[in-house]
Amino acid sequence: MEPLLIRIGTAADLPAVAALQAHTPESAAWPVEDYLAYRLDLAEVAGTLAGFLVTRQLVPGEAEVLNLVIAEGYRRRGVASTLIEAAVERWPGSWFLEVRASNHAAQACYHHLGFRKVGVRPGYYRTEDGNSSEEGIVMEKGK
């Protein structure tokens, strides 16, 4: 794989972010414009969007992953790890996230990065049909 570039996303990047999110049904489907209110980091390989990470610092020493999306062709190639590690280095301390109970691959990735399950949020995610919901697994990475 060519070198991975991590950079801050801007409004000009939102169409590419929206397209990647639309092709990743297991991700949280937020309005991409909302990401600009938080920290939006992009991972690019040779000018192609390989993934993005949306985070926010809640208070000094505590931060949260809001969304992490990796393009299918770049999964299991270190893109998620690089994005998360850069964020943790930027804001050291405790990190939290929620992940769909059915998204076992993401849970395994987060576990590999040092996150552990600390709780469950019943009905946290709406399913595609909009008529039912799915549990969110709450994970934490300590200091």
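**Exercises: a pocket and its sheet**

At least two residues of the largest pocket's lining come from each of β4 (62-70), α2 (79-90), β5 (94-100), α3 (104-112) and β6 (116-126). Helices (H or I, at least four residues) and strands (E, at least two) are DSSP runs, numbered from the N terminus. This is a predicted model, where local features need pLDDT of at least 70, side-chain atom pairs count only at pLDDT 80 or more, and totals for chains, interfaces and linings use all residues. Residues are numbered from 1 along each chain as its sequence is written, and side-chain values use heavy atoms, with hydrogens and water left out.

**Exercise 1.** Find which element gives the most to the lining of the largest pocket.

*Solution.*
- Start with the element: β4 gives the most, with 7 residues.
- Next, sort the lining by class: 20 nonpolar, 9 polar and 10 charged residues. Here Ala, Val, Leu, Ile, Met, Phe, Trp, Tyr, Cys and Pro count as nonpolar, Asp, Glu, Lys and Arg as charged, and the others, Gly among them, as polar.

**Exercise 2.** Work out the order of the strands in the open sheet.

*Solution.*
- The 7 strands run β1-β2-β3-β4-β5-β7-β6, with mixed pairing; two strands pair if DSSP finds at least two bridges between them.
- Now look at the edges: β1 (4-8) and β6 each pair on one side only.

**Exercise 3.** Describe how β3 (residues 48-59) and β4 pair.

*Solution.*
- Take the sense of the pairing: β3 and β4 are antiparallel over 8 bridges.
- Then pick a facing pair: Leu 53 is opposite Leu 68 in β4.
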